[in-house]
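Have the sequence and the 3D view open beside you as you read.

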Amino acid sequence: MQHQNKTNDAGYGEYTLVWLGLLGLTGLTVALAGIDLGRWVIATALVIAGIKSMFVLNIFMHLKSEDRLFRIFTAVAVVTLAIFFILTFFDYAFA
Amino acid sequence: MSKAAAVSHTHRDDEGSRIGMWLFLFTELILFGGMFIVYAVYRFKHFDEFRIAGAELDVFIGTLNTLILLTSSWTVVMSIAAIRRGKKILSMSLLSATIVLAFFFLVNKYFEWSHKIAHGIYPKSPELMKKPAGEILYFGLYYMMTGLHALHVIIGMIILGFMLVFIARNVINQDSFVKLEAGGLYWHLVDIIWIFLFPLFYLIH
């Protein structure tokens, strides 16, 4: 019974693959920053940062294998922050 | 219930411990999130000045520190994987590597900041105050956000240092490692914050 509330362990291999993926994505975001993408600069940088964060959250922080409750909590926290962002920008757009 | 648990009567709720840690991490998310909102609004208002100021940061040091922090996230998760397999020495080595990498991160940060300060770029410096408002705001946010992040790195090093002692004393072991997991969660959050700080400050030229 004692082992039931432990997180799943992905294993050395998967962690190492994720780490290499993260390094690769860092290289990609630096390379893309060298190209003038104009208005897409922020969008591409944030998309890549978002993908990297998903890897860290799901694999390194075991969110993928945690109870559903953890994911609901995390979603609520992220959505709350997103609402702060949206409301702030509405305020600016119509000020 | 297993025989060992019945005999020792230990009350343990690893999942509860992790929920507690995650709830704390959400408060951190909101703390840094608030600063990212300030950043977003000012960048929106001073788009070109942010680009000019951002070009003054050293992309190489920023990239190097990103690689260092990502690697330290990997070593800490490997350290947890090792202790789960009962490999105490390997776990301690990986955790030590994490702390060393964190130290290198701070050393780079130190050189980066002292370089900027030597050029007269620091909050309220006469040199900085001559610049346009957007650049003053950019460097104010740069010092505030990377400074608060560096403070988290220092706290993370202290926490992981305690974990190292706990493993050495078998407080953290193959069967009970939720403390190390919580320390790891904190460290990964510090990493995630940097994942966003890096492109937003270093890669906007």
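A word on what you are looking at. This is a predicted model, in which local features need pLDDT of at least 70 and side-chain atom pairs count only at pLDDT 80 or more, while totals for chains, interfaces and linings use all residues. Residues are numbered from 1 along each chain as its sequence is written, chains are lettered from A and ligands numbered from 1 in the order in which they are written, and side-chain values use heavy atoms, with hydrogens and water left out.

Now turn to chain B. Its secondary structure consists of eight helices and zero strands, where helices (H or I, at least four residues) and strands (E, at least two) are DSSP runs numbered from the N terminus. The C-alpha trace of chain B spans about 70 × 30 × 25 Å along its principal axes. Of the 205 residues in chain B, 54% are buried, meaning under 20% relative accessible area, with exposed being over 50% and partly exposed in between (1.4 Å probe, protein chains only). Among the contacts in chain B with a separation of 6 or more, 82% join residues 24 or more positions apart; a contact here means heavy atoms within 4.5 Å.

How do the two chains meet? Chain B brings 56 residues to the contact and chain A brings 48. About 4700 Å² is buried between chain B and chain A, with carbon and sulfur atoms giving 72% of that area; buried area is the accessible area (1.4 Å probe) that two parts lose on being put together, summed over both. Trp22(B), Ile37(B) and Trp74(B) supply 13% of the area that chain B buries against chain A, more than any other three residues.

Finally, zoom in on Val59(B), which sits in helix α4 (residues 59-84) of chain B. Is Val59(B) buried, partly exposed or exposed? Val59(B) counts as partly exposed because its relative accessibility is 24%. Leaving aside residues up to four places away in sequence, Val59(B) touches Val30(A), Phe198(B), Tyr202(B), Leu203(B) and His205(B). Val59(B) and Tyr202(B) are 143 residues apart in sequence, yet their C-alpha atoms are 5.7 Å apart in space.
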